[in-house]
Amino acid sequence: MKSVKGLLGTALLVAAGLLSSNPATAQTDSQLADSLLVPTLAKPLIRDKQRGYRQYQMQHRRLSRQLRRHPNPAYVAPAAADFPGAVPATAPRISTELVLRVRVGSNGRGEPWAGYRRAHGTGLYVPAGETVSLYLADSDARRHLRAQIGVHSDELTGHAQLTREGFDLTRTFALKPGRTDIYSPYGGLLLVVIPDTDSLKELRIKVSGAVRAPYFERGKTSVAEWQQTIRQYPAPWAELVSDNVSLTVPAARLRTLEDPEQLLAFWDTVLAADAKLAALPAARRYPERIIVDRQVAYGYMFASARRIVVPDDDEGCRHMLDVEYLREHGSWGHFHELGHQHQFKKIDFAGLGEVSVNLYTMYVYDKVLHKGLYNHPELKSRQMVAEKVTRYLANAPSFQKWQSDAFLALCMYIQLIDAFGWEPIEQVYQQYRQLPRRQYPSTEAAKRDYWFAAISAATHRNLAPFFAQWQVPVGEAAAKAVAAYPTWLPAEMQRK
């Protein structure tokens, strides 16, 4: 079991008798209890108000120490009812046997790193302050399995304000042979975490004391069963999952969702398009996980090797669950973050992190939604792109400027796609995918030359003048190697 993090609630610890009984400290503990801080959406904790923020940190440190010394499975953090949310006292606590399809291994990409363990949803929820028991067969104990409670693990204390508890809200427990008792002061969805290298295809595990959560698995759960029963299960968090994607969202967002099958089919199509552009197998070994959070740790949305985190608002959550909205408007943010999971990060040269990712974004808009290339406010039309390029060329263009402006740099790719279609990009990415890791270009100059040579060959054009005007450096040998092709420049770059 990992150390407790993010645990406020000195007042409840006093009641439970866990704080020091030393008279010298009793008054301090009482004062701390009376001034307990719990950040919420309605009353955020503001970092600039230093006294309150320091007090919040002090409460956390003191409570963490006390719970390490005196574990209390029945302790409920005061913040738990607000986030991740309370479980009704009347909700049935059940005993059941889970049969989990094990989804581990690599999705075929060399990067980002796949990680050692993969979380599997169960459709169950552990209420805060309640003990849930898991029973594991002796034959599976050697597999180093873990139980995880909750999904919100990000540290948020560096933010200017907090709208929920700012610490890691998850708890993990190593699963022992036979019975393992698990608990959390916050509660959360129950996950089983399995090493990526495991050869197990199916896992059976008994669970006692958990609460059912809305859970829909494409190809397994019926829409009728979802509509009649499952979507009203009492847990505050829910999961929709297919072979390609897993959406972890507040259950309240799903109570009126009529057809998860159609929604997941849409996201499966998006992931299939990403796989095609990235030259990956269409069949994934594990689904890409998207988690909704009240407060996102980095930017508006972010992607890591293990998951994507999006905010609980219209753009981040509600639109993600509205298939008709998605078909009509798409979602640049979600398509963008899924693109990060497919980039060639070890081959792309510096400056492409927020550029090549949007090739996947545009590919989905074009190939799945049939809306062409121009779907972002900064890139609404071919004319807008041409004007952006013209301004850049007229104002001391440089590679540094190119690298520092992701949408400007993206215009270079749009010009190529507009002229030659997606086939050259697809061809280059197939070449990238087939390249053994030991042959990856090792320097920034080599990475630029590799991209230049590959896209020139795929378009059958000498793109040296094109790269030169954009100020993207190309080596002499690479330029000479494509000199036999006819040169090409888009209209806005041709000198008149």
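His-370 counts as exposed, with a relative accessibility of 64%, where exposed means over 50% relative accessible area, buried under 20% and partly exposed in between (1.4 Å probe, protein chains only). The residue sits in the loop between helix 9 and helix 10 (382-394); helices (H or I, at least four residues) and strands (E, at least two) are DSSP runs numbered from the N terminus. The C-alpha atom of His-370 lies 9.7 Å from that of Arg-327, and the two residues are 43 places apart along the chain. The model is predicted, so local features need pLDDT of at least 70 and side-chain atom pairs count only at pLDDT 80 or more, while totals for chains, interfaces and linings use all residues. Residues are numbered from 1 along each chain as its sequence is written, and side-chain values use heavy atoms, with hydrogens and water left out.

Two helix pairs are worth a look in turn. Helix 8 (residues 332-340) and helix 9 (residues 357-367) pack with their axes 7 Å apart, at an angle of about 130 degrees. Axes here are lines fitted to C-alpha atoms, for helices over the stretch in contact, and angles run from 0 to 180 degrees between N-to-C directions. Helix 8 and helix 9 are therefore oblique to each other, given that angles under 35 degrees count as roughly parallel, over 145 as roughly antiparallel, 65 to 115 as roughly perpendicular and the rest as oblique. On the helix 8 side, the contact (heavy atoms within 4.5 Å) is made by Trp-332, Phe-335, His-336, Gly-339 and His-340, and residues of helix 9 taking part include Tyr-360, Met-362 and Tyr-365. By class, this contact has seven nonpolar, five polar and no charged residues; Ala, Val, Leu, Ile, Met, Phe, Trp, Tyr, Cys and Pro count as nonpolar, Asp, Glu, Lys and Arg as charged, and the others, Gly among them, as polar.

Helix 10 and helix 12 (residues 406-420) pack at an angle of about 125 degrees, and their axes are 10 Å apart. That angle makes helix 10 oblique to helix 12. Arg-382, Val-385, Lys-388, Val-389 and Tyr-392 of helix 10 meet Phe-407, Leu-408, Cys-411, Ile-414, Gln-415 and Asp-418 of helix 12. The residues of this contact divide into seven nonpolar, one polar and three charged.

Asp-293 belongs to strand 14 (residues 288-293) and is buried, at a relative accessible area of 1%. Its side chain is joined to that of Arg-164 by a polar contact of 2.8 Å, meaning a pair of N or O atoms within 3.5 Å; within protein, one must be able to donate a hydrogen and the other to accept it, and residues adjacent in sequence count only if both atoms are side-chain atoms. The side chain of Asp-293 also reaches the backbone nitrogen of Gln-295, at 3.4 Å. Beyond its neighbours within four places in sequence, Asp-293 is in contact with several residues, among them Phe-83, His-152 and Val-309.

The loop between helix 5 (260-277) and strand 14 holds Pro-287, which counts as buried at 18% relative accessibility. Ala-279 lies in the loop between helix 5 and strand 14 and is partly exposed, with a relative accessible area of 23%.

Most residues other than glycine have a negative phi, and most peptide bonds are trans. Phi of Ala-279, however, is near 55 degrees, and Gln-471 has a positive phi of about 70 degrees. The peptide bond from Phe-83 to Pro-84 is cis, with omega near 10 degrees.
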